[in-house]
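Try each task before you read its solution.

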Amino acid sequence: MKTIISASRRTDLPTFYYDYLQDALKAKSITQSNPYYPEKSYTTDLSPENVHSIVLWSKDFSNVAKNPMYLENYNLYFQYTITGYNKKVEPLVPTYEQSIKILESLRNKYNPKAFNIRFDPILISNDAEVYPFENNPKQARLNAFERLCKDLKSLNMDDCRITTSYLSIYGNTLQKLRNGGINIENLSEKDQIEFMKEMVLIATAYGFDIYTCANDKFINNGVNVKKGHCIDGDILTELYGKCTKANDSSQRDECGCVKSKDIGGYFPCKHGCKYCYAQNV
């Protein structure tokens with residue numbers, strides 16, 4: 001069975017480590033240290049004939065849009081995060097308008113079904129919004145989501161997926177937000193569910209479904225949200241032919257992703273997102 005490559009859950013390769021990615025594809029293999037046992041290493045075969053597809057994760061696909069280079073030899077699936085937050089929250093992420101232009105460029109080259117648009121995470125704060133809504137930050141976030149749905153529709157992205165989840169509070173996440181001057185409204189689970197219902201109404205009006213990954217509380221409770229998998233064997237099979245059905249045992253039980261090999265390292269991410277729990281600079 002051909003291998004599915006993840007590039008990468010660990011950091012934004014298409015934005016900040018594009019040369020690293022292209023060098024690996026040019027060499028048709030990559031040798032990496034085991035992140036848990038650095039003294040051990042393993043090699044991943046990247047020969048196009050042995051790779052089923054490459055799942056790319058990024059908040060800025062401008063490099064791919066301008067020049068895919070060796071990526072042209074592979075089947076691609078895009079995990080494209082577009083949140084529309086302001087620069088206080090996402091200092092070095094392209095603006096929403098820039099992201100939509102990049103998406104339009106990609107749309108001209110790739111099947112809309114090969115895109116998962118990640119409106120993720122949901123962060124309730126007028127401090128985070130480009131267009132705050134006085135005394136109602138939830139409405140501001142819903143307005144940003146409707147804008148995204150409207151633009152996806154105008155780009156004929158009807159077959160893409162939209163995935164979302166509510167902000168997970170890890171470690172010093174809250175402190176990082178506060179240090180950045182961002183005060184959030186921490187919704188109860190009940191309020192999260194009600195908020196998600198409103199998102200579903202917006203998505204449905206534009207002909208989209210909403211998916212959520214590893215967040216099963218939204219699957220039931222009267223919320224018409226579908227269970228999503230970032231690396232979805234059914235979608236990849238539909239797009240590019242039969243692939244593995246084996247679950248990825250390295251992910252959470254709720255995940256449901258099929259097995260893949262990640263070729264990213266735990267390199268610093270330079271987007272500087274204030275909600276991110278990962279290393280960044």
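**Exercise 1. Overall form**

What radius of gyration does the protein have, and what would a compact globule with 281 residues have?

Solution. Before starting, note that this is a predicted model, in which local features need pLDDT of at least 70 and side-chain atom pairs count only at pLDDT 80 or more, while totals for chains, interfaces and linings use all residues. Residues are numbered from 1 along each chain as its sequence is written, and side-chain values use heavy atoms, with hydrogens and water left out.

Step 1: take the radius of gyration over C-alpha atoms, and for the globule use 2.2 Å times the number of residues to the power 0.38. Step 2: for 281 residues the rule gives a value near 19 Å, and the protein has 19 Å, so the two agree. Step 3: along the principal axes, the C-alpha atoms fill a box of roughly 55 × 40 × 35 Å.

**Exercise 2. Inventory and surface**

Find how many helices and strands the protein has, then describe its burial, surface and contacts.

Solution. Step 1: count DSSP runs numbered from the N terminus, with helices as H or I of at least four residues and strands as E of at least two; the protein comes to 8 helices and 10 strands. Step 2: call a residue buried under 20% relative accessible area, exposed over 50% and partly exposed in between (1.4 Å probe, protein chains only). Buried residues then make up 50% of the 281. Step 3: with the Shrake-Rupley method and a 1.4 Å probe, where for residues only the protein chains shown count as cover, the protein exposes about 13400 Å², and carbon and sulfur atoms supply 46% of that area. Step 4: count a contact when heavy atoms lie within 4.5 Å. Of the contacts between residues at least 6 apart in sequence, 70% join residues at least 24 apart.

**Exercise 3. Aromatic rings**

Which kind of pair do Tyr17 and Phe267 form: stacked, edge-to-face or tilted?

Solution. Step 1: rings of Phe, Tyr and Trp (its six-membered ring) pair if their centres lie within 6.5 Å; planes under 30 degrees apart are stacked, over 60 edge-to-face and the rest tilted. The count by this rule is 8 aromatic pairs. Step 2: the centres of Tyr17 and Phe267 are 4.9 Å apart and their planes stand at 50°, so this pair is tilted. Step 3: Tyr17 is in the loop between α1 (13-16) and α2 (18-27), and Phe267 in the segment after β10 (261-262), so the pair ties together parts 250 residues apart in sequence. Step 4: Tyr17 is buried at 16%, whereas Phe267 is partly exposed at 26%. Step 5: look also for the aromatic cluster formed by Phe61, Phe78, Tyr80, Tyr110 and Phe115.

**Exercise 4. Backbone geometry**

Inspect the cis peptide bonds at Ser8 and Pro121, then the phi angles of Met69 and Asn156.

Solution. Step 1: most residues other than glycine have a negative phi, and most peptide bonds are trans. Step 2: the bond joining Ala7 and Ser8 is cis, with omega about 0°, and Ser8 is in the loop between β1 (3-7) and α1. Step 3: the bond from Asp120 to Pro121 is also cis, with omega near 5°; Pro121 belongs to strand β6 (residues 115-122). Step 4: Met69 has a positive phi, near 50°, in the loop between α3 (62-66) and β5 (76-81). Step 5: Asn156 has a phi near 55° and lies between α5 (137-154) and β7 (161-166).
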